Amino acid sequence: MKPVLYMVIPCYNEEEVLPVTVPEFLGKLRALIESGKISEQSRLLFVNDGSSDSTWEIIKKLSEKQAYIEGISLSRNRGHQNALIAGLEEAQDKCDITISLDCDGQDDINAVDKMIDEYLSGSEIVYGVRSNRDNDSFLKKNTAKLFYRLMSFMGAELIYDHADFRLVSSKVLKSFSSFKEVNIFLRGMFPLVGFRSTCVYYERKKRIAGKSKYSPAKMTALALDGITSLSVKPIRIITLFGCLVALLSFVGILWSVIVQLTGNSVAGWASITSILCFLGGVQLISLGIIGEYIGKIYLETKGRPRYIIEEKTDSD
């Protein structure tokens, strides 16, 4: 029996990109259906992440012209990760497999064939992994390496150079639905689910049109979400560092007492100022890290929904 495939494609202010990439996605879907790899019931599912431009109007018009295109629109901008999980949860009861990819055309659509082959060979999760970073700037290339090394040091289980281009079976998605946290980092959460997985390597292309919506600030926020969602190691580092500072402080106290008793003490403000500034900085950084975790706990306990769907194309 041929598997039903849903390609889940989050969109945020992509009115310039969609007219260019949709024909490419649609062509690949039709080619897979004609080759007999997937079912005729397979679809492209676009997720409008509260766009302020005409993205949703374009998706609705495309769905009216093409039976292979569906769309959902979130009530407001919720971020890429929440938009992606909204699409995956919308699709999980309609299909056998999902493939998530960006709408900017940078993910190699031809790698989808290999992903499906791996699924048919028994893999439940297939990660799309970049074979190189030749198209990245020097800064982006090195910050990405730093990010993956940092996440590995923090104990998070990540696939190196994998973003959100992946195949996931409906079996995995149903198991994933038991993960109820609001602050999500999908590329680190899917490895936690388990099941048989493998990787498909591809070359990431340059953006076809429009501008990237991932600013340095958003990328930093995503990295912080990844660390605080998947690891408590920063808290343990603070504890160990606190113990080290306490030990050094105890040694300093002994030294000051000895110096005082031997009559060699010299009054000076530089050493006191340096110590106070050092300890004050350490304390503020520590409080900031702890505060980040407390903030995440606060948001999780509210139990607010990750997203709210305002409209669907098939509801018209």
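Predicted model: local features only at pLDDT ≥ 70, side-chain atom pairs only at ≥ 80, totals over all residues.
1. Overall make-up. The protein has 316 residues, and 43% of them are buried. Its secondary structure consists of ten helices and eight strands. Among contacts with a separation of 6 or more, 83% link residues 24 or more positions apart.

2. Strand β6. This strand covers residues 162–169, and seven of its eight residues are buried. Strand β4, residues 97–100, runs antiparallel to β6 and is joined to it by four bridges. In this pairing Ile-99 stands opposite Leu-167. Strand β5, residues 125–130, also pairs with β6 in the antiparallel sense, again over four bridges. Here Ile-125 stands opposite Val-168 of β6.

3. The largest nonpolar core. This core has 34 residues. The residues with the most contacts inside it are Leu-5, Met-7, Leu-44, Phe-46, Ile-99 and Ile-116. At least two core residues come from each of β1 (5–11), α1 (18–34), β2 (43–48), α2 (55–65), β4, α4 (111–120), β6 and β7 (197–202). Helix α1 gives the largest share, seven residues. As a general background, nonpolar side chains in soluble globular proteins tend to be buried together.

4. Leu-5 and its contacts. Which residues does Leu-5 contact, leaving aside its neighbours within four places in sequence? They are Leu-29, Leu-32, Ile-38, Ser-42, Arg-43, Ile-97, Thr-98, Ile-99 and Ile-116. Two of these partners, Ile-99 and Ile-116, are themselves listed with Leu-5 among the residues with the most contacts inside the largest core.

5. The second core. A separate core of 28 residues includes Ala-83, Ala-86, Ala-91 and Ile-125. Ile-125 is the residue already met opposite Val-168 in β6, whereas Ile-99, opposite Leu-167 in β6, is named in the largest core.

6. How many cavities of 30 Å³ or more does the structure hold? There is one. The largest cavity contains about 30 Å³ of space. Its lining is made of Leu-45, Glu-70, Gly-71, Ile-72, Glu-90, Lys-94, Lys-312, Thr-313 and Asp-314. Strand β3, residues 69–74, provides the largest share of this lining, with three residues.

Definitions and conventions
Residues numbered from 1 in each chain as written. Heavy atoms only, no water. Buried < 20%, exposed > 50% of the residue type's maximum accessible area, 1.4 Å probe, protein only. Pairing = 2+ DSSP bridges. Core = buried A, V, L, I, M, F, W, Y, C linked by side-chain atoms within 4.5 Å. Contact = heavy atoms within 4.5 Å. 1 Å grid on protein atoms, 1.4 Å probe; cavity = no way out; pocket = protein on both sides within 12 Å on 5 of 7 lines; lining within 4 Å. Points joined across faces, edges and corners; volume = space filled by probe spheres on them.
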